[in-house]
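User: I would like to learn how to read the main features of a structure such as this one. Could you take me through them in turn?

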Amino acid sequence: QVQLVESGGGVVETGGSLRLACAVPGDYFSRYALGWFRRAPGKEREFVAAVSWRGNIKTYAESVSGRFTISKDIAKNTLYLQANSLNLEDTGVYYCAAVYRAPETGDFAYTRSFDYNSWGQGTQVTVSS
C-alpha cells in the first residue's frame, strides 16, 4: 500500500472546471491501476473514472462521461482528473485510489472500490449555482 495525496479541489460555479491531482509516491507508479471515486453529501462513495496500469484502458461513470478526463503523468508520478462542465451533482469529496499490478497481470481499469488497496484522504469539490 502507498499513501496517496489529492489536491486541486475547491469551490467552482456551475459550468466551471477543476483539475484534480493525486500524487503517488514510490518507484512503481507505472505499475499501478488508478481510479477516482467520490462521495456526495449523504450518499455512498461512487466510482468516477479509472485507468489501467498500462494506460491503454480508461473508463468513466455514465454521469461524468464526456465531461471528465482521467490521465496520468509517469514522469511526475501523478494521476489527474480534469473535470469540465461541472454541475451541482458533482459536489463531493473526491478520492484517488491505486492498486499495484504485477507485470504478468492483464491490463484492466477497475471500477469497484474493493479492487483498490491504497486511498488518499480526499479533496473537497463544491459546485455552486
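Analyst: The discussion below treats a sheet, a disulfide, a loop residue and the aromatic rings of this predicted model.

User: How many strands form the open sheet, and in what order?

Analyst: The open sheet is built from 4 strands in the order β1-β3-β8-β7, with antiparallel pairing. Its edge strands, β1 (5–7) and β7 (68–73), each pair on one side only. On average, neighbouring strands of the sheet are turned by 15 degrees against each other, direction ignored. As a detail, β7 pairs with β8 (residues 78–83) in the antiparallel sense over 6 bridges, and F68 has A83 in β8 as its bridge partner.

User: Which residues does the disulfide join, and what parts of the chain does the pair tie together?

Analyst: In general, a disulfide is a covalent bond between the sulfur atoms of two cysteines. Here the count comes to 1 disulfide. The bond joins C22 to C96, with an S to S distance of 2.0 Å. Because C22 lies in strand β3 (residues 18–23) and C96 in strand β9 (residues 92–100), the pair ties together parts that are 74 residues apart in sequence. The torsion about the S-S bond of C22 and C96 is about 55 degrees, so the disulfide is right-handed. Both C22 and C96 are buried.

User: Is Q121 buried or exposed, and with which residues is Q121 in contact?

Analyst: Q121 has a relative accessible area of 64%, over the 50% cut-off, and is therefore exposed. This residue is found in the loop between β10 (118–119) and β11 (123–128). Leaving aside neighbours within four places in sequence, Q121 is in contact with Q3, L4, E6 and Y95. Q121 and E6 are 115 residues apart in sequence, yet 7.1 Å apart in space, C-alpha to C-alpha.

User: What describes a pair of aromatic rings, and how many such pairs does the structure hold?

Analyst: A pair of aromatic rings is described by the distance of the centres and the angle of the planes. The structure holds 8 aromatic pairs. One of them is the edge-to-face pair of F37 and F47, at 5.7 Å centre to centre with 75 degrees between the planes. This pair links distant parts of the chain, with F37 in strand β4 (residues 32–39) and F47 in strand β5 (residues 45–51), 10 residues apart. Both F37 and F47 are buried. Y116 and W119 also form an edge-to-face pair, at 6.1 Å and 70 degrees, and both are buried. One aromatic cluster is formed by F37, F47, F108, Y110, Y116 and W119.

User: Which residue lies over the face of W119?

Analyst: R45 lies over the face of W119, at 4.0 Å from the ring centre. Likewise, R31 lies over the face of W53, at 3.8 Å from the ring centre.

Notes:
Residues numbered from 1 in each chain as written. Predicted model: local features only at pLDDT ≥ 70, side-chain atom pairs only at ≥ 80, totals over all residues. Heavy atoms only, no water. Pairing = 2+ DSSP bridges. Helix = DSSP H or I, 4+ residues; strand = E, 2+ residues; numbered from the N terminus. Axes fitted to C-alpha atoms, helices over the stretch in contact; angles between N-to-C directions. Disulfide = S-S within 2.5 Å. Buried < 20%, exposed > 50% of the residue type's maximum accessible area, 1.4 Å probe, protein only. Contact = heavy atoms within 4.5 Å. Phe/Tyr/Trp six-rings, centres within 6.5 Å; stacked < 30°, edge-to-face > 60°. Lys NZ or Arg CZ within 6 Å of the ring centre and 35° of its normal.
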